[in-house]
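Biologist: I have a model open and want to learn to read it. Where do I start?

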Amino acid sequence: MNASLLSTKIRVPSPPRALVPRPALMARLEEGLAAPLVLVSAPAGFGKTSLAAEFLASLKAAGSPVRAAWLSLDAEDDDPVRFWAAVAAALDKAARGGAADSGGAIGSGGAAVKAEGRGPGGAEAGASPFAALAADLASLQPPPVAETTAAILEAAASSGERYLLVLDDFHLLSSSVLLGSFARFVERLPEGLRLVVLSRADPRLPLPRLRARGAVAELRADDLRFGPEEAERFLAQALGGRLTGAQAQAIDEKAEGWAAGLQMAALSLSRRADPEAFIRSFSGSDRFVLEFLVEEVLAAQAPWLRDFLFASSVLDRFCAPLLDAVLPSAAPGLLAEAGSAEEALRRLDAANLFLVPLDDEGLWFRYHHLFADVLR
């Protein structure tokens with residue numbers, strides 16, 4: 001992997017200026033780290049990356065001894081060798097003090113260990129416990145995946161340090177070999193290594209088993225959603241107090257606490273002279289909302305799933321039996337991929353496609369208001 005590219009991938013993003021402090025949510029994340037894995041799974045635009053970046057910044061500001069590592073994933077990382085090489089490089093940077101660098105970066109420069117001054121195993125004298133492994137994985141003949149993950153676990157356990165690794169955009173990984181090795185890795189994590197996974201969809205991991213073992217803590221859209229008071233403070237800060245409390249509440253009722261929706265409403269409203277007229281017209285047809293949901297959400301879905309979303313959006317609320325009765329006549333063959341509306345809804349829920357449950361039994365659903373507007 002190109003060294004300068006990897007340096008960018010393992011750089012902690014600078015947290016945005018927090019318009020609304022969210023201490024309760026930060027506390028939830030910290031409490032979750034009692035488990036080996038914290039899964040933050042929510043649709044696009046719910047502030048997952050910002051939350052994690054702000055959390056790491058708070059650890060640094062408090063002088064925490066935790067060594068923070070970050071890995072921003074992309075589609076090319078859906079390869080076991082490439083993925084674990086990047087993990088080793090990120091932990092190596094953190095072990096060598098990268099978390100203390102200015103600007104929140106985990107180190108600077110490329111991921112490769114310097115060629116000169118190597119000791120046994122290819123590591124530098126005085127290098128981190130991950131250095132030799134990072135060098136081996138960057139070679140033309142990297143070790144097998146099982147050997148690699150065992151070596152990472154051993155290095156973390158023997159270092160005597162505490163590490164926190166954030167894996168962003170985990171939904172881009174689908175390799176069964178990679179995800180299988182990751183699940184085994186999570187189940188063997190030493191006390192000194194914790195993982196935070198940020199994902200737009202539930203990863204294909206054995207989550208029921210991990211939950212039963214107390215090995216995973218979860219934050220979801222309902223946890224990240226802005227409450228009414230938080231939304232009002234957010235809009236007040238973003239717009240300089242232009243809105244009344246009732247006007248802010250009216251916008252939040254349409255955005256439903258969705259951070260990106262509030263942000264785009266503020267951006268559009270900053271260009272309008274009449275807040276009341278904007279609020280009446282604000283919907284998924286707003287240019288910024290429409291572009292975001294089409295490009296960031298719909299474009300990433302399989303054609304059959306997009307068709308299912310479009311067809312089902314004509315209903316204000318729906319359940320699987322209703323969809324099984326309505327969709328085949330409206331769009332023959334639409335459910336061929338999933339087999340049934342119940343399975344299609346299960347996939348939508350796992351993919352975090354703005355599906356809102358309307359009862360505790362998980363029978364009736366609707367779409368997020370702005371998402372439904374876009375679909376229609």
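Modeller: This is a predicted model. Start with the nonpolar cores. In soluble globular proteins, nonpolar side chains tend to be buried together. Here the largest nonpolar core has 79 residues. I251, W258, F308, Y367 and F371 touch the most other members.

Biologist: Which helix gives the most to this core?

Modeller: Helix α12, residues 259-269, with seven residues.

Biologist: Take W258. What does W258 touch, leaving out residues up to four places away in sequence?

Modeller: Its contacts include A44, G45 and F46. R225, M264, V289, F292 and L293 are also among them. Another core, of 44 residues, lies apart from the largest one. L37, L193, L205 and V216 are among its members.

Biologist: Now the sheets. What is the strand order in the open sheet of five strands?

Modeller: Read it as β2-β3-β4-β1-β5, with parallel pairing. β2 (67-72) and β5 (216-220) each have a single partner strand, so one side of each is left without a neighbour in the sheet. From one strand to the next, the twist averages 15 degrees.

Biologist: How many bridges join β3 to β4?

Modeller: Five, between β3 (residues 163-168) and β4 (residues 193-199). L164 stands opposite R194 in β4.

Biologist: Which helices pack on this sheet?

Modeller: Helix α3, residues 48-61, is one of them; α3 touches β1 (37-41), β2, β3, β4 and β5. The direction of α3 makes about 160 degrees with that of β3. α4 lies across β2, β3 and β4, at about 150 degrees to β2.

Biologist: How do I describe two packed helices?

Modeller: Two packed helices are described by the angle between their axes and the distance between the axes. Take α4 (residues 80-95) and α7 (residues 176-187): their axes come within 9 Å and cross at roughly 40 degrees. That makes α4 oblique to α7.

Biologist: Which residues make the contact?

Modeller: P80, F83 and W84 come from α4. V177, L178, S181, F182 and F185 come from α7. The residues of this contact divide into seven nonpolar, one polar and no charged.

Biologist: And the open sheet of three strands: what is its order?

Modeller: β6-β8-β7, with antiparallel pairing. The edge strands are β6 (318-319) and β7 (355-357), each pairing on one side only. Three bridges join β7 to β8, residues 364-367. V356 has R366 in β8 as its bridge partner. Helix α17, residues 341-350, packs on this sheet and touches β6, β7 and β8. The direction of α17 makes about 105 degrees with that of β7.

Definitions and conventions
Residues numbered from 1 in each chain as written. Predicted model: local features only at pLDDT ≥ 70, side-chain atom pairs only at ≥ 80, totals over all residues. Heavy atoms only, no water. Axes fitted to C-alpha atoms, helices over the stretch in contact; angles between N-to-C directions. Helix = DSSP H or I, 4+ residues; strand = E, 2+ residues; numbered from the N terminus. Parallel < 35°, antiparallel > 145°, perpendicular 65-115°, else oblique. Contact = heavy atoms within 4.5 Å. Nonpolar A, V, L, I, M, F, W, Y, C, P; charged D, E, K, R; others polar. Pairing = 2+ DSSP bridges. Core = buried A, V, L, I, M, F, W, Y, C linked by side-chain atoms within 4.5 Å. Buried < 20%, exposed > 50% of the residue type's maximum accessible area, 1.4 Å probe, protein only.
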